[in-house]
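Here's a quick briefing to read with the model open.

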Amino acid sequence: MKKHLLPIIMLAIFETVAVTLWLAMDNLFYLFNFSYIGIAIALGTFLFLKKYKHARRVTQLLVGIYILIYLGLISGENMQIEGFWYYLFTGVFEAATIHYAVAKIFGALIFGRGWCGYACWTAMVLDFLPYKTSNTPRKRIEWIRYVVFVISFLFVAALFLAHVGNIEKIMFWAFIVGNILYYAVGIALAFLFKDNRAFCKYICPITVFLKPMSYFSIFRIKCDESKCISCGKCKKVCPMDVNVTDNSRKRENGTECILCFKCVKNCPTGAL
Ligand code: SF4
Ligand code: SF4
Ligand code: SF4
């Protein structure tokens, strides 16, 4: 595949989703939503090919701010995991459910954890912090993500079982409070563990979907072993501790790769 076609291919993929959902749901919003995201991703890919240093961050900020401010705060859609449960329980196949299906469940089969590298509004802020690569050993506290996952489910289930009125309003406030909590915990952990992505590694409940799906991802960083000189630079710069020189699906932390391409950029022999 010719590299310079990549931005157009990305845009075409998102436009296909945009038009399909627009027609299937008879709702112009989906055309706007996925076209915007497609343009942001195509722009980031284009800048990456032009070797612009902050290409990934451009896409991450364009998509992250749009979801947080426009979808979350202005349109009142809870895009956090509790919003996913909420819309699932109500049987409404709306923005939050589609968002999870496209970005975090089925999309991960194609793009792996691309969501985490290019779109997440939590990581968009955490990536401004000073610890861009993790130099501390992994902590054995990954189980926390499952606890957060279950709590989010129980929280929404309890609201329905107790027949609480005006759940939509509660969901809106849950989105605001949840985000403030995520940012506070994420920033505190980043400084505590000297690792910007500590929140992603140990706390984030979305990874319960993302990790198993990205195991099968079509897009992956692969290593040409004939070119690799085992210098170890790729592992040193990786924010997610991926053993990227191992091509097997079972490579260490393989389902953590956020496709940031730092390893590729830093490989002195072009092996990745
Ligand atoms: S792991 Fe969670 S917080 Fe981190 S980038 Fe992915 S979705 Fe965002
Ligand atoms: S540095 Fe490479 S292996 Fe690590 S997360 Fe980024 S793309 Fe994936
Ligand atoms: S940076 Fe490149 S050459 Fe060095 S270990 Fe990684 S893949 Fe091999």
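**Ligand shells, domains and a pocket**

Sorted by class, the residues in the shell around ligand 3 come out as eight nonpolar, four polar and one charged. Keep in mind that this is a predicted model.

**Ligand 3**
- There are 13 residues around ligand 3, and C228, C231, G232, C234 and C267 come nearest.

**Ligand 2**
- Around ligand 2 you'll find I221, C238, P239, V242, V244, C257, I258, L259, C260, F261, K262 and C263.
- By class, that shell around ligand 2 has 11 nonpolar residues, no polar ones and one charged.

**Domains**
- The protein chain splits into domain 1 (1-52), domain 2 (58-214) and domain 3 (223-272).
- Between the C-alpha centres of domain 1 and domain 3 there are 27 Å.

**Second largest pocket**
- This pocket holds about 410 Å³ of space.
- Its lining is made up of 21 residues, with K53, R56, R57, K132 and K262 nearest the centre.
- K262 turns up here as well as around ligand 2.
- Helices α3 (55-74) and α13 (262-266) each put at least two residues into the lining.
- Where does the second largest pocket sit relative to domain 2 and domain 3? Both domain 2 (58-214) and domain 3 (223-272) give residues to its lining, so the pocket lies between them.

Notes
Residues numbered from 1 in each chain as written. Chains lettered and ligands numbered in written order. Predicted model: local features only at pLDDT ≥ 70, side-chain atom pairs only at ≥ 80, totals over all residues. Heavy atoms only, no water. Near = heavy atom within 4 Å. Nonpolar A, V, L, I, M, F, W, Y, C, P; charged D, E, K, R; others polar. Domains from an automatic or database assignment. 1 Å grid on protein atoms, 1.4 Å probe; cavity = no way out; pocket = protein on both sides within 12 Å on 5 of 7 lines; lining within 4 Å. Points joined across faces, edges and corners; volume = space filled by probe spheres on them. Helix = DSSP H or I, 4+ residues; strand = E, 2+ residues; numbered from the N terminus.
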